[in-house]
2 protein chains.
Amino acid sequence: MTQAIAARIAQSFIDDVLRAAGLPAADAARVAELMTEADLTGADAHGIFRLPHYIRRLKAGGFNRAPDITVKQTAPATALVDGDNGMGHLVMSRAAETAIALARECGVSWVGVRKSNHAGTAGIYAAMPVEHGMIGFYAAVANANHMAVWGGSDLLLGTNPLGIGVPSGDGPLVLDMATTVVSYGTVKKYAMQGRAMPEGWFVNAKTGEPLTDPTRTSEGVLLPIGGYKGAGLAIMLGILGGILNGAAFGRDVVDFNADDASETNTGHFICAIDIKRFIPLATFTAEVDRHMADLHASKRLPGLDAIRLPGERRRQCRAERLRDGIPLPDALLAQLDKLAREVGVKAIDRRMG
Amino acid sequence: MTQAIAARIAQSFIDDVLRAAGLPAADAARVAELMTEADLTGADAHGIFRLPHYIRRLKAGGFNRAPDITVKQTAPATALVDGDNGMGHLVMSRAAETAIALARECGVSWVGVRKSNHAGTAGIYAAMPVEHGMIGFYAAVANANHMAVWGGSDLLLGTNPLGIGVPSGDGPLVLDMATTVVSYGTVKKYAMQGRAMPEGWFVNAKTGEPLTDPTRTSEGVLLPIGGYKGAGLAIMLGILGGILNGAAFGRDVVDFNADDASETNTGHFICAIDIKRFIPLATFTAEVDRHMADLHASKRLPGLDAIRLPGERRRQCRAERLRDGIPLPDALLAQLDKLAREVGVKAIDRRMG
């Protein structure tokens, strides 16, 4: 069972809880805005669902509540952001702003990030340059290793997600994908809902057999898309997001599900490309629209239920949820009520609107 | 059956044939070098195997033999290369050189390419910045559409390959992957060898059933990695390589297997990132080596035959083939002998060394 909660009510609740946990008001507001954006765009596993976990980390000292986030420009078009172990949303917001500013001058920019934390869904950051007539390209080293190198079973790789955002006539067109068959957030959602996972997501690390119980994933290996290709892509994105920035990768990744206190030294990168340096922005969006319409009008392949274009569900979901509210499972609402009592704020308001 | 041909003999044969077909000597030498590099690194479908097709296009006027390749710097860190319909290897070589020079100044660069052609394997270009202490990131709009949007059956998308190259202690570590389950070059290889394809590569466009006959791929749809994810990635790379540069995408792609004469307006991009703007190069390569050793030493997953790291087979293959020669199938050698007679050059020398 789920209950629809208005986005502004969810956002205000997140804001209250974060402030009660000691975050400065402006920072709490920013994180609440971005977490709510994740819920609005259908990235349920990266929205209000994460709040209990984030609060646990804030309390345990795993996040720096008052970080000194520094931006060091290292070349005309590059910068390195040190997040000082602040919440990832705050660090990545600064990185995205920096990337947009540098790309305006140089046509393209690349901003690396270290000493950050879990920043939610990739799509949010990939979409940020889009409002400025730019393309956004983002990836991160995930905050836990659920995947192995192809052929191996040691958990040394994360879902290392990738986001690419481009402008279109209907707003940002955003690809937001894990390099694994599913994101680990989706696995957590299945566990909370008590559902079995389909075969093909996990295999047992000892036997290689399918593993479908989402509460037993610690015995398994999450599978990459395209076999060795997805694992290779996760490695390369991890090198770009982690090693290049002096951030954690591989064996050095701190599992933030199991450890609330240690610094994660999370790495990300964001690249912004200023479209008008290549083609007029209006031409670009018109061409994107023309081609997306072509793809959308494609003849259907028997056996599949719908045409899926990147960003389409995201956009539809955003419109629906702005209108109808964000559907939150009862089990999650119960957790959030408990959290409200713990930090001493009002429970989430069940009224819509 | 295959016969081993020394790399320098293969390269010299390609060079002879291209010059005989009217390419200027310096251009023929460069294309021969890059095609041989594809063969050496195991990208068999992008090496000498393509020569008969390229010569057909040169004769039919599909390539401009004396292109005026222009490089327009559009911002401090960006450039747009117009290939004037020259051979893709020549156009992309210029683009990669430009990307390296701009990244040296700005820390990162993004070079878009239009009016180019098929340029061979992605890995070659992704590896070019690596010799300069940089990371290379390359993609292209493929020269034929064998894939559909997820859920559709109209062939509107290509295999749009992606290459990422980073330095390591053992030389360039290169990920070179199609966004489809296999590259179309591999399909061509299966057809030439008369082998059936495994299930999971193609489905019949009308029925959605598996299609395994590599000579009947025109009735089928090549499948993306990770379902809608791979199709979404192909779309995004196509937007970056095609639409952003005013190059062909989607319905506008010319199938260069079926049409030897029309301009393809092929688009690519290459991005170079100067590592030392983020972390000392020696630290970077040492960290890459440490993590790759970790991955390599991983416990094995039952059911899979080997640990696969990006670039490992590529590197092993290069060493083996430099020593032992490039194994060319008899059917291909027969085609190359026929080609030699047609253009009036000496047949490929069968002696090794």
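Q: How do I read the direction of two helices: are α3(B) and α10(B) roughly parallel or roughly antiparallel to each other?

A: Start with the angle between them (under 35 degrees counts as roughly parallel, over 145 as roughly antiparallel, 65 to 115 as roughly perpendicular and the rest as oblique). Here α3(B) and α10(B) are therefore roughly parallel to each other. Helix α3 (residues 51–60) and helix α10 (residues 330–343) of chain B cross at roughly 30°, and their axes come within 10 Å. Axes are lines fitted to C-alpha atoms, for helices over the stretch in contact, with angles from 0 to 180 degrees between N-to-C directions. Helices (H or I, at least four residues) and strands (E, at least two) are DSSP runs numbered from the N terminus.

Q: Before we go on, what kind of model is this?

A: It is a predicted model, in which local features need pLDDT of at least 70 and side-chain atom pairs count only at pLDDT 80 or more, while totals for chains, interfaces and linings use all residues. Residues are numbered from 1 along each chain as its sequence is written, with chains lettered from A and ligands numbered from 1 in the order written.

Q: Which residues make the contact of α3(B) with α10(B)?

A: Contact means C-beta atoms, placed from the backbone, within 7 Å. From α3(B) come L51(B), P52(B) and I55(B), and from α10(B) come Q335(B), L336(B), L339(B) and V343(B). Six of these residues are nonpolar, one is polar and none is charged (Ala, Val, Leu, Ile, Met, Phe, Trp, Tyr, Cys and Pro count as nonpolar, Asp, Glu, Lys and Arg as charged, the others, Gly among them, as polar).

Q: How do I read the sheet order in chain A?

A: Follow the pairing (at least two DSSP bridges between two strands). The seven strands of this open sheet run β2-β3-β4-β11-β5-β6-β7, with mixed pairing. β2 (70–75) and β7 (173–177) are the edge strands, each pairing on one side only. From one strand to the next, the twist averages 15°. Inside the sheet, β4 (residues 108–116) and β11 (residues 266–274) of chain A are antiparallel over seven bridges, and V113(A) stands opposite H268(A).

Q: How many residues does each chain give to the contact?

A: The contact takes 73 residues from chain A and 73 residues from chain B. On the chain A side, helix α7 (residues 228–241) gives the most, with nine residues.

Terms used
Contact = placed C-beta atoms within 7 Å.
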